[in-house]
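Biologist: I would like to learn how to read a protein model. Could we take it one feature at a time?

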Amino acid sequence: MLIGVLCLQGAFIEHIRILNALGAETVEIRQKRDLNGKNFDGLIIPGGESTVIGKLLRELDMESDIRSMIEQGTPVYGTCAGLILLARSIANDPNVYLGTMDIVAKRNAYGRQLGSFACEAEMNGIGKIPMTFIRAPYIESVGSKAEILAVVDGKTVAARQGAQLVTAFHPELTDDTRVHEYFLGMIKKRGKNKK
């Protein structure tokens with residue numbers, strides 16, 4: 001299984017370590033040529049600063065390629081900033097980046113200073129897991145195409161739409177690998193359905 005990890009900024013190394021530990025092969029995506037000629041089974045868009053990652057996607061001419069891959073069914077998992085980049089709109093930002101998922105995100109939703117905290121909460125399909133939030137967004141609304149997977153303090157923090165998965169929290173910053181296992185399970189299931 002080959003997973004492309006967007007490595008422009010943010011916590012990408014932690015994702016790579018977990019994926020490799022789970023037996024997946026990873027490719028670091030840093031420029032347009034890293035996308036060429038590879039048949040990715042899935043993509044990871046990590047946390048970081050969404051405006052910086054979005055700007056780099058455009059400057060490096062990768063935004064439309066990645067959007068096309070997702071629209072053609074390549075499974076994608078976005079954490080924190082990745083959630084914002086995948087959202088069809090952002091409540092407190094006029095920019096739209098990849099815009100492939102039927103959710104409205106709210107950037108820095110918990111405030112900059114109070115925006116980092118950890119808790120344990122239920123995630124549908126997984127169970128109770130540790131959740132680490134760092135200046136996190138949340139999902140303000142979920143459209144009819146997407147489903148809510150986790151809610152913390154009345155705010156939606158994880159959702160899925162077909163082969164797209166997003167979390168406002170950072171499972172890669174914990175020792176719990178179940179969210180990554182869930183994503184790899186999505187990829188395997190999609191592979192079986194394609195046959």
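**Reading the helices, cysteines and pocket**

Modeller: This is a predicted model. Start with helix α2, which spans residues 50–59 and has S50, I53, G54 and L57 buried.

Biologist: Which exposed residues does the face of α2 turned away from its buried side carry?

Modeller: That face carries K55 and E59, both exposed.

Biologist: What covers the buried residues of α2?

Modeller: The cover includes strand β1 (2–6) and the helices α3 (63–71) and α4 (81–86). After α2 comes D61, with a positive phi near 55°.

Biologist: Let me try the reading on another helix. Which residues of helix α1 are buried?

Modeller: Helix α1 runs over residues 12–21, and its buried residues are F12, H15, I16, I18 and L19. Looking down the axis of α1, you find them within an arc of 165°, so they line one face of the helix. R17 and A21, on the other side of α1, are exposed. G23 follows α1, and its phi is positive, near 95°.

Biologist: Next, the cysteines. What is a disulfide?

Modeller: It is a covalent bond that joins the sulfur atoms of two cysteines. To count as one here, the two sulfur atoms must lie within 2.5 Å. This structure holds zero disulfides.

Biologist: Is C80 buried or exposed? And what is the relative accessible area of C119?

Modeller: Buried means under 20% relative accessible area. C80 has 5% relative accessibility, so it counts as buried. The relative accessible area of C119 is 23%, so C119 is partly exposed.

Biologist: Last, the pockets. How is empty space found?

Modeller: A probe the size of a water molecule is rolled over the atoms, and this shows where empty space is left. In this model, the largest pocket has a volume of about 200 Å³.

Biologist: How many residues line the largest pocket, and which lie nearest its centre?

Modeller: The lining has 16 residues, and those nearest the centre are G48, E49, C80, I134 and R135. Sorted by class, the lining of this pocket comprises seven nonpolar, six polar and three charged residues.

Note on methods
Residues numbered from 1 in each chain as written. Predicted model: local features only at pLDDT ≥ 70, side-chain atom pairs only at ≥ 80, totals over all residues. Heavy atoms only, no water. Buried < 20%, exposed > 50% of the residue type's maximum accessible area, 1.4 Å probe, protein only. Helix = DSSP H or I, 4+ residues; strand = E, 2+ residues; numbered from the N terminus. Contact = heavy atoms within 4.5 Å. 1 Å grid on protein atoms, 1.4 Å probe; cavity = no way out; pocket = protein on both sides within 12 Å on 5 of 7 lines; lining within 4 Å. Points joined across faces, edges and corners; volume = space filled by probe spheres on them. Nonpolar A, V, L, I, M, F, W, Y, C, P; charged D, E, K, R; others polar. Arc of directions from axis to C-beta.
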